Amino acid sequence: MRLENILALTHGKLINSPFVNSFENIVFEAKAVKRGDLFVAFDEAMIEDAVLNGAYGVIFDKPTQISDSEIAWIKVQDLQEALKRILRFILIDKEIEVYECNEIILKLALQVVTEPNFIALDGDIQKLYKTLSSIEKGAYILFSPEITSSELFTNIKKLPMNSSESINIIEQTLFETSFIYDNIFYERQLISPFFMPYLEQLLHLFKILKINFRLRKFTPIDHFEAVFTNKNFEIKEFGTSDKVLIFEKNTALIQKEIKFLQKQATWAKILYLIPSSALQSLTQDENSQLMTYKNKNEIKTILKEHQFHFALIVGVDKSILEKPLNKQTEISLFDFY
């Protein structure tokens, strides 16, 4: 890419008069720099090595000393924004189809094996650049605005509505589902029935785009995440205790998850713990069933003072527990229908 294009795209300021006027590749690690590359200095400590390895230019956003006046030194306001503008320019010529989804669908897509021409995006701007800068023309991209900036793309499509094939649940527990989709039986998938509507939208997209896929073993996606504990709230292996804490960081999912638990576990004693700041967003009927907390320290106090089978804890993740989560094993308890 030519130097004048880099300056125009990044809104950068060239602070010297270099002998170079174009670059071969954009690189973030000094050890990967080859002669002719443009080094993006997310780590200023790498600049010296990048120059020694043959970088023709350096983009930076912090005070930096020029060590070689023959190469280009480009000062920008923000490296993340600068790289985002470069990537947006590169993608314009790729003829890609970009679909927008919510965070849950995106995280499910990351666990599905698909063809190389379908990419579910996650990660920081450096990872995105590495993934998208070499993407083939005509590829399909799925992203969530909650994870990846929509400013990267010029034409974004909504997920197609599912009007035909749907998931047929054969057997379910609170945290495991056996189902049929498109005449294929998926037995005892470690995914809660709560996620089936989201998975259905994803599989329908694959069908519309004629993308071959394979479902592998699902793992927790940081939403409606079940953690089995003992009376001291020490984490136990999955399915081996009679107390389950269900963590949900996204307060926007409170109402859906409460309704799911009320419908699927009518026999159980369930606690609902939410941050005080989220109370006003709920209806009066739901408010009467909720307990609020102001800080993380109050959560364990509330849990210790009440008997329960399940506790839906909103606004935090499992890191509030004292011990790391053990390796999960196959569910052996709470197989309720």
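Mentor: The account below begins with a single strand and then widens to the rest of the protein.

The structure is a predicted model, in which local features need pLDDT of at least 70 and side-chain atom pairs count only at pLDDT 80 or more, while totals for chains, interfaces and linings use all residues. Residues are numbered from 1 along each chain as its sequence is written, and side-chain values use heavy atoms, with hydrogens and water left out.

Strands, like helices, are DSSP runs numbered from the N terminus (E, at least two residues, for a strand; H or I, at least four, for a helix).

Strand E16 (residues 243–248) runs parallel to E19 and is joined to it by 5 bridges; here Val244 has Phe310 as its bridge partner. Strand E17 (residues 270–275) is likewise parallel to E19, with 4 bridges between them, and Ile313 of E19 faces Leu273.

Elsewhere in the chain there is an open sheet of 5 strands, ordered E1-E5-E4-E3-E2, whose pairing is mixed. Strand E1 (13–14) and strand E2 (26–27) form its edges, since each pairs on one side only. Between E1 and strand E5 (residues 72–75) the pairing is antiparallel, over 2 bridges, and Lys13 is found opposite Lys75 of E5.

The nonpolar cores come next; such a core is a set of buried Ala, Val, Leu, Ile, Met, Phe, Trp, Tyr and Cys residues joined through side-chain atoms within 4.5 Å. The largest one holds 57 residues, and Leu108, Leu142, Phe175 and Leu199 have the most contacts inside it. Helix H6 (residues 196–209) supplies the largest share of this core, 8 residues.

Ile147 lies in the loop between strand E9 (140–143) and strand E10 (156–158). Because its relative accessibility is 32%, Ile147 counts as partly exposed. Leaving aside residues up to four places away in sequence, Ile147 touches Glu103, Leu106, Lys107 and Asp122, where contact means heavy atoms within 4.5 Å. The C-alpha atom of Ile147 is 9.1 Å from that of Asn102, although these residues are 45 residues apart along the chain.

Finally, the whole protein may be described. Its secondary structure comprises 9 helices and 19 strands, and 48% of its 337 residues count as buried. The C-alpha trace spans about 75 × 50 × 40 Å along its principal axes. Among contacts with a separation of 6 or more, 59% join residues 24 or more positions apart.

Note on methods
Buried means under 20% relative accessible area, exposed over 50%, partly exposed in between (1.4 Å probe, protein chains only). Two strands pair if DSSP finds at least two bridges between them.
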